[in-house]
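Subject: Structure handover

Hello,

Here is the structure you asked for, with the sequence.

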Amino acid sequence: MNILNFRSRILVKNILKGLLWLTGLIVLFYVFEEYTHFNLFLEHIAQWPWAVYSVFIASEVIFGIIPPEFFVKWSENHGLFDTYVANVALLAIISYGAGVLGYYIGSNLRNVAFFKPYFDRYIRRYRNLLNKYAGFLILIGAVTPVPFSAICMLVGATNFDFNKFLLVASSRFLRFAFYSAALFYI
């Protein structure tokens, strides 16, 4: 029961951080739209949608360097499809795929000679604990601003069950649905 309370506290704390992050981004987007030429910038980069999607893929694979919400905001009026929902769905699929790629990288990285000492020193020691809480870690990485790909790599390195990973990681779609609705309607 104590662990459940601990998990609940961590989840609530990270969801609150995510909501604070989203609120900050909404305010930032509002300020940019009102007082800068942010929309002109979005129009300018809209000329190269494949480049924007490539940057998004790279960002999602490399620990989420650029917040996905920027790309969600860009897809409001741009992207490969005519509808916002289709563009956001594509971004969510890309993000989910980047998480799966992160899992694959983590599961194979532990066998590379260069990384083996680091794996033995840091990951193997906590392997059972990480496997025990892996689903919870994936959920936090999927729905909050915690780097999703990094969590996926860590979980992949511990040999967490791939089918369970796919199921829990699908909660990433919830984040995109919620954040895109918030950015669109606010």
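A residue is called buried when its relative accessible area is under 20%, exposed when over 50%, and partly exposed in between. Please keep in mind that this is a predicted model.

Serine 171 has a relative accessible area of 10%, so it counts as buried. Serine 171 lies in the loop between α9 and α10 (172–185). Its side chain reaches the backbone oxygen of valine 168 at 2.7 Å. Leaving aside residues up to four places away in sequence, serine 171 touches Leu139, Ala142 and Val143.

Helix α7 (residues 127–143) and helix α9 (residues 162–169) have axes 9 Å apart, at an angle of about 30 degrees. The crossing of α7 and α9 is right-handed. On the α7 side the contact uses Gly135, Ile138, Leu139 and Ala142, and on the α9 side Phe165, Val168 and Ala169. By class, this contact has 6 nonpolar residues, 1 polar and no charged ones.

The contact of α5 with α8 divides into 9 nonpolar, 7 polar and no charged residues.

Now the aromatic rings. The count comes to 10 aromatic pairs. In one of them, tyrosine 96 and phenylalanine 173 have ring centres 5.2 Å apart and planes at 35 degrees, so the pair is tilted. This pair joins distant parts of the chain, with tyrosine 96 in helix α5 and phenylalanine 173 in helix α10, 77 residues apart. Tyrosine 96 is buried at a relative accessible area of 18%, whereas phenylalanine 173 is partly exposed at 32%.

Phenylalanine 178 and tyrosine 179 also pair: their ring centres are 6.0 Å apart and their planes at 65 degrees, so the arrangement is edge-to-face. Phenylalanine 178 is partly exposed, with a relative accessible area of 46%, while tyrosine 179 is buried at 4%. Elsewhere, Trp50, Tyr53 and Trp74 form one aromatic cluster.

Regards

Note on methods:
Residues are numbered from 1 along each chain as its sequence is written. This is a predicted model: local features need pLDDT of at least 70, side-chain atom pairs count only at pLDDT 80 or more; totals for chains, interfaces and linings use all residues. Side-chain values use heavy atoms; hydrogens and water are left out. Axes are lines fitted to C-alpha atoms, for helices over the stretch in contact, and angles run from 0 to 180 degrees between N-to-C directions. Helices (H or I, at least four residues) and strands (E, at least two) are DSSP runs, numbered from the N terminus. A crossing is left-handed if the near helix is turned anticlockwise from the far one by less than a right angle, and right-handed if clockwise. Contact means heavy atoms within 4.5 Å. Ala, Val, Leu, Ile, Met, Phe, Trp, Tyr, Cys and Pro count as nonpolar, Asp, Glu, Lys and Arg as charged, and the others, Gly among them, as polar. Buried means under 20% relative accessible area, exposed over 50%, partly exposed in between (1.4 Å probe, protein chains only). A polar contact is a pair of N or O atoms within 3.5 Å; within protein, one must be able to donate a hydrogen and the other to accept it, and residues adjacent in sequence count only if both atoms are side-chain atoms. Rings of Phe, Tyr and Trp (its six-membered ring) pair if their centres lie within 6.5 Å; planes under 30 degrees apart count as stacked, over 60 as edge-to-face and the rest as tilted.
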